[in-house]
Structures are given as C-alpha cells and as structure tokens.
Amino acid sequence: MNELLSTPIEFLKGVGPQKAQLLQKELGIFTFGDLLNTYPFRYLDRSVYHKCSQISYSDNYLQLVGTISHVKEIGSGRIKRLSARFTDDTGSVVLIWFQGASWIKQSLVVGLNYQVFGKPKLISGIWTIPHPELTAIKDLTIRAGFQPFYSSTEKLNSKGLHSRGIEKLIQTIFAQHQIILPECLPEKIKKENQLISRTEAMRKIHLPQNELEIKQARLRLKFEELFYLQLEMLIRKGVRIKQIQGFRFEQAGTPMLDFYKNHLPFELTGAQKRVLKEIRKDFLTGNHMNRLLQGDVGSGKTLVALVAMLITIGNNHQAALMAPTEILASQHFETIKELLKQMPIKVGLLTGSTKKAARTILFEELMSGEIQLLIGTHALLEDPVQFKSLGLVVIDEQHRFGVAQRAKMWRKNKIPPHILVMTATPIPRTLAMTFYGDLDVSVIDELPPGRKPIQTIHRFESHRVALFGFMRKEIALGRQIYLVYPLIKESEKLDFNNLMDGYEAISRSFPMPEYQLSIVHGKMKAEDKEYEMQRFIKGETHIMVATTVIEVGVNVPNASVMIIESAERFGLAQLHQLRGRVGRGAEKSYCVLMTGAELSKEAKKRMETMVRTTDGFEIAEVDLQLRGPGDLLGTQQSGVLDLKIADLSKDGQIVVLARDAARMLTEDDPELVKPEHQALRERVLVLLKSRPNWSTIG
Ligand code: ADP
Ligand code: MG
C-alpha cells in the first residue's frame with residue numbers, strides 16, 4: 001500500500017506531467033497519498049432538488065430541474081454573453097454564460113428537460129446562475145450520494161482541475177486501485193472514541209453516501225490529526241523533562257517568607273495561592289519548569305511572578321522579568337521596587353534607553369550577582385547581558401515575543417533557567433491545549449476581591465456632546481480618563497493625523513488651565529513617553545490621550561474611564577486589554593466604545609460581546625469564533641498549526657478527546673516501545689523531525 005501512496009501523481013490516469021507539475025505547485029500534491037489527503041471542504045446532497053421560487057441568500061450550490069427558453073446572445077465579439085431562462089413548476093431563474101456563448105447556444109435545446117447545477121447570485125434583483133452545469137435529464141446517470149467540493153486555484157481551474165476535476169481524479173484512484181490504509185490508531189482508542197478505520201474514513205470523506213458517513217469520516221480524521229499533535233507535544237515534553245536538568249529550589253527561602261509575612265500588601269486570592277503551589281512543586285522536583293500562566297487582565301499575575309522570583313533569589317539564583325514595552329517594564333520596576341523597599345534585594349532595570357555608562361555598571365553587577373532581580377524589555381536578550389546564575393525567567397505578555405527571542409533566554413545559563421510565561425488575556429482552552437500543549441498551564445480564574453464591575457457602553461459618533469459632559473462630570477469627581485485612538489500599521493499616517501486632530505479637539509473642549517492633558521504615542525521618544533506617563537500616574541493630568549502603547553500592563557488605579565475611539569477597528573483581545581486599564585481602583589469604572597454608525601456584522605458582534613461580558617475567558621472564545629486560531633495567536637506562531645481538517649475554533653470537543661487519549665497512551669507507554677505502538681512511534685518520529693524544536697519555544 002505504501003508503494004501506491006507514494007506513487008508520483010503524474011502516473012494517475014488523467015494527470016500526466018503537465019498537470020502533475022501544477023498540482024505540485026498549487027496544492028502541494030506530489031503523490032497519490034497527497035491527493036487522498038486533500039479533503040473536500042463541503043458537500044452537496046445530489047438527491048435534493050431546489051425549486052426556483054425557493055432560492056434564498058443562504059444557498060450555495062444547488063440543483064434544479066426544468067426547461068430552457070428565451071436563449072439570447074447579448075453584446076458582440078469578445079464581450080458576447082449568452083443568457084437563457086430556466087423554468088420549473090414554481091418559477092424561473094436566469095442562466096448566464098460569459099464565455100463560449102456561441103458554442104453553448106448551439107448545444108441548448110429549448111423545451112428539453114435539464115438538470116441545472118450551480119451557485120445562484122442575485123444580479124439586478126434577479127436570481128441568476130452563472131456558468132451552470134447542464135445535463136439533459138435523459139442523459140442523467142443518477143448520481144447517488146453527496147458531491148464533494150475541493151478547493152482549487154485559478155491556474156488549476158484553467159487546466160480543468162477545478163473541484164469537479166479533482167473529484168474525478170479521486171474517483172479514478174478509488175476505481176483503479178484498492179485503497180487499504182494501515183491503521184495508525186490503537187484499537188483501544190478507536191473503540192473508546194467510536195472511530196471508524198482509516199481505510200473506511202478515506203473512502204467516506206471522498207465518496208460519502210449520506211450525511212452520517214461524512215460525520216464519521218470527519219470525526220475519525222480530525223481526531224487522528226489532533227491526536228498526533230497532542231502526542232507529539234507530550235513526547236516532546238517527556239524528552240525535555242528527561243534530557244534537561246533543571247534547578248532544584250529546595251527552600252522557600254528568607255526573601256519569600258519575609259515578603260509573605262511582612263510586606264504582602266494584601267491577602268492573595270485562592271487562585272494566586274494555587275498557582276504558586278504549582279510553581280513551588282515544579283521547583284522542588286529538580287525538573288526544568290516551562291509553565292504558561294493564564295489569567296485575565298487584572299487577575300494579579302505580577303504578584304505571582306514576584307513571589308516565584310523571590311523563591312529563586314532565596315535559593316541564591318537571579319531572576320529576570322521581561323516585558324514587551326518600556327512603559328510596562330518601568331512600571332513593573334517601580335511597582336516591584338516599592339513592594340520590596342524594606343527588603344535587602346537589589347533590583348535592576350534595563351531597557352533600550354538605559355545609558356551606556358549605566359549599562360556597564362549594570363552588566364558588572366549582573367555578573368557578580370549583586371543584582372538579584374533584573375527587569376527590562378527586549379534589551380535583556382542581548383548577548384552582553386550575562387548573569388552569575390540565572391534561575392528563573394518570567395516573560396510577561398508572552399504573545400509579544402517571537403519564538404526565537406523566547407528561546408534566547410534559555411541559553412543565558414548553563415543549566416537553563418526555569419521559564420514562566422504569562423499571557424495578557426486568556427487564550428481559549430482548546431487553543432492553549434493545542435498550541436502550548438508541551439507547556440504546563442496554570443490558570444488564575446479569580447479576580448482580587450473588591451473590584452467594582454466595569455460598565456461598558458457602546459455609543460455612536462452622534463453622542464459626542466453627551467460624552468464630553470460625562471467626562472467633565474467624572475473629572476469633577478476627581479477621576480482620570482484614558483482616551484485611546486487606533487494606530488494600526490497600514491494606515492499609520494492617517495491614524496496619526498486622527499490622533500493629533502483628536503488631541504486638538506479635546507484640548508479645545510477641555511482647555512487649560514482647568515484641564516490638564518497628557519499624550520503618549522509610538523512616535524515619541526521613550527523619555528518623553530515616560531514623562532507624560534508619570535504625570536498621569538501622579539494625577540497631574542486629567543486625560544491621557546494615547547494610542548495602544550498603553551494597551552498592556554499599565555496600572556493607574558485612579559483612572560476610571562476608558563474611552564476607545566473608532567472601537568470597531570480594534571480586535572476583541574485588544575478592546576478587552578484596553579478596558580482592563582480601568583476598574584483597578586475603588587471607584588466605579590466605565591468603558592465607552594465610540595464607533596461610526598455603519599458597522600460590519602463582525603464589528604457589531606465585538607461591540608455586543610464587550611458590552612455583555614467582562615470575562616476574558618468568554619471573550620477569548622468569541623474571538624476565536626470570529627477570527628480563527630491563526631489570527632488569535634499572531635502570525636509568528638500560527639504557522640506551526642497547519643491543520644488539514646480539524647478546525648480549532650469548532651472542534652474543541654475533539655481536541656479534549658484527543659488530548660485525553662494521547663495522555664493515557666503516554667502514561668501507559670511513555671516512549672511508545674510496546675509492539676502495538678510501533679506504527680504510532682514511527683509516525684511521531686517523523687513529526688518530531690519535521691518541526692522545529694518546540695521545547696524551547698516557551
Ligand atoms: P495582570 O494579571 O493583568 O498582570 P496585575 O498583576 O497588574 O494584573 O494586578 C492588577 C492589580 O491588582 C494590581 O494593582 C495589583 O496590585 C492588584 N492585586 C494583585 N493581587 C491582588 C490581591 N490578591 N488582592 C488585591 N489586589 C491585588
Ligand atoms: Mg500584567
């Protein structure tokens with residue numbers, strides 16, 4: 001069978017060298033096996049006929065039975081078109097051809113019964129089917145079952161390899177060869193999850209007779225795909241734990257105990273305590289920790305990180321905290337210095353704007369171990385930054401860092417430091433499981449007590465006067481306000497002008513000296529940003545006009561109003577992250593989403609979701625539905641998940657099943673050495689080789 005599957009596609013009847021080359025280039029189909037692994041994305045039940053009068057917007061491809069009349073050519077020469085009326089007992093539609101008009105006209109017989117197959121479009125208010133497939137009823141060989149649809153490309157189309165053409169090739173394979181595939185899932189797993197065999201699935205995915213067969217085939221193939229992904233990650237994790245020696249931190253240590261007893265500003269939440277226990281446990285095993293900390297905006301991830309860093313310091317190693325922006329890094333620095341001010345711990349800050357002289361001293365103090373805790377930006381990654389003994393790296397807002405960057409921190413020490421990566425906002429469970437499957441995951445699912453819920457309001461441009469009134473009222477109550485403008489790369493210039501215009505308009509409506517404004521955007525120098533930020537933090541300014549540079553991490557408890565301009569241009573994760581900047585103090589907080597009146601369906605859904613809930617986990621789920629996994633994780637990471645049939649935004653349940661199955665299997669046979677796992681082992685080895693080493697992605 002392997003031989004058949006690896007036969008070059010060129011040798012399939014109806015292909016030949018030219019088409020083979022195209023199939024390779026356009027769809028990556030090199031062999032019979034590749035063709036079989038090209039699955040249909042949709043099916044049409046060919047036993048169901050539509051009526052002309054019942055066509056609606058939701059219809060994709062459909063088939064009708066009726067007769068042709070009113071055949072006419074429109075235009076002349078190269079722009080000649082052909083149209084015909086097609087009528088059944090309920091009404092009629094128009095058939096239209098933009099090419100081959102004369103030839104098609106010749107073959108049409110008025111009054112004869114035809115089956116029409118195509119995709120209706122509303123053109124000038126009339127249902128029209130462009131380039132339909134026409135078969136005279138008398139010639140019709142009754143087509144049982146479902147017709148599959150394959151994706152194709154323009155180039156393939158022009159060579160007759162449209163969906164129909166690919167379908168024919170598949171039919172040829174099945175007609176000329178006996179397709180029997182070796183089973184690649186253990187019998188036990190198949191049984192427990194009620195999966196059909198691989199051979200059966202392959203036939204049913206391409207040549208289904210009914211809906212049930214499609215379902216069975218999809219379930220089997222999706223499960224298989226996700227199962228192998230999970231297995232791969234569990235194996236990687238196993239290898240990492242086995243091969244990489246980690247630091248063992250035996251004691252909680254004086255700094256941590258001192259902090260916990262004497263300087264902790266508030267009682268930790270149950271979730272924070274639980275996560276710390278999980279981290280502590282990792283530290284005690286001597287295994288290398290690679291942990292993802294998931295938590296909603298404001299759930300108190302920083303404090304958890306700090307305690308973990310103090311344990312590290314108490315065990316005579318250094319700790320580093322890396323943040324994606326200077327603002328955030330210096331804010332972490334200030335917060336942590338304040339929290340530790342009565343403790344004998346030396347904290348350093350390193351960012352792009354740290355001066356050369358200061359750097360030199362800092363590097364020396366890192367090498368000597370004098371600096372125990374280093375906070376900073378990407379600057380931490382640079383080669384001259386060397387530690388005496390780096391025991392723990394915390395990466396805040398990890399999605400802002402690339403894979404290679406994160407891996408770089410691993411190599412700052414002979415024994416790789418423990419790694420704790422933190423999300424900005426939650427990632428849906430199924431995504432985390434698939435994408436970060438080789439990491440351990442901790443979740444803070446509880447906000448600190450006493451938070452007042454944030455009220456979110458969606459307003460149109462026409463409400464601006466009322467909005468200004470509301471702002472004045474809040475300022476009179478002593479509150480501060482964020483006013484955020486989009487700044488998105490593609491239209492940076494335009495956006496920048498909008499921001500500046502907005503700033504001017506606000507300055508006019510909120511004039512000095514009664515009102516003080518800050519402004520922060522990406523084009524400012526770091527020190528100017530810092531200055532403006534500090535003014536706002538100290539309460540010297542009332543309104544902070546900004547771009548999304550303030551999106552992550554920034555913490556000003558007295559700011560209780562977040563106004564987001566052109567909110568329709570932001571994604572859900574960003575909106576949620578921005579909203580998370582308020583609701584941090586004791587006052588009731590508001591988030592106002594300003595949009596134009598015309599909103600796309602998706603934008604509407606985003607606004608509705610924001611108004612309805614403040615639960616980051618819930619928002620992440622909606623985001624996944626709207627955007628799909630690739631966009632959610634960011635381009636840097638989406639490529640790793642090249643799934644053929646499973647869809648992470650829809651197949652969450654299968655992910656969980658596959659995960660459980662893979663876990664049970666690896667617990668039973670961690671290295672897949674049992675004879676019945678031979679096939680599994682071989683396939684996993686191929687997978688492990690074909691992908692970059694994920695174990696250092698962290
Ligand atoms: P995030 O998880 O978004 O990074 P932070 O760590 O910035 O959240 O915490 C948000 C705010 O909550 C900070 O002002 C922090 O001091 C406060 N905080 C954290 N933990 C607690 C707690 N257990 N009780 C009360 N406030 C807390
Ligand atoms: Mg944070």
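## Parallel sheet and ring contacts

Phe460 stands opposite Thr595 in S22, in a model that is predicted rather than experimental, where local features need pLDDT of at least 70, side-chain atom pairs count only at pLDDT 80 or more, and totals for chains, interfaces and linings use all residues. Residues are numbered from 1 along each chain as its sequence is written, chains are lettered from A and ligands numbered from 1 in the order in which they are written, and side-chain values use heavy atoms, with hydrogens and water left out.

Strands (E, at least two residues) and helices (H or I, at least four) are DSSP runs numbered from the N terminus. Two strands pair if DSSP finds at least two bridges between them.

Six of the six residues of S21 are buried (under 20% relative accessible area, with exposed over 50% and partly exposed in between, for a 1.4 Å probe and protein chains only), so S21 is largely enclosed by the rest of the structure. Five parallel bridges connect S18 with S21, and Ile481 stands opposite Val561 in S21. Four bridges join S21 to S22, again running parallel, and in S22 the bridge partner of Val561 is Tyr590.

The structure holds 11 aromatic pairs, in which rings of Phe, Tyr and Trp (its six-membered ring) have centres within 6.5 Å, with planes under 30 degrees apart counted as stacked, over 60 as edge-to-face and the rest as tilted. Two of these pairs are set out below.

| Pair | Centre distance | Plane angle | Class |
|---|---|---|---|
| Tyr61 and Phe149 | 4.7 Å | 35° | tilted |
| Phe470 and Tyr590 | 5.1 Å | 85° | edge-to-face |

Tyr61 lies in the loop between strand S1 (42-45) and strand S2 (62-74), and Phe149 in strand S9 (residues 146-149), so their pair ties together parts that are 88 residues apart in sequence. Tyr61 is partly exposed at 27% relative accessibility, whereas Phe149 is buried at 5%; Tyr61, Phe117 and Phe149 form one aromatic cluster. Phe470 in helix H17 (residues 464-476) and Tyr590 in strand S22 (residues 589-595) are 120 residues apart, and they are buried at 17% for Phe470 and 16% for Tyr590.

The axes of helix H9 (residues 211-243) and helix H25 (residues 678-690) come within 10 Å and cross at roughly 75°. H9 is therefore roughly perpendicular to H25 (65 to 115 degrees; under 35 counts as roughly parallel, over 145 as roughly antiparallel and the rest as oblique). Among the residues that meet are Tyr228 in H9 and Arg683 in H25. The charged end of Arg683 sits over the ring of Tyr228, 4.2 Å from its centre, a term that requires NZ of Lys or CZ of Arg within 6 Å of the ring centre and within 35 degrees of the ring normal. The charged end of Arg472 likewise sits over the ring of Phe510, 4.8 Å from its centre.

How values were computed:
Axes are lines fitted to C-alpha atoms, for helices over the stretch in contact, and angles run from 0 to 180 degrees between N-to-C directions. Contact means heavy atoms within 4.5 Å.
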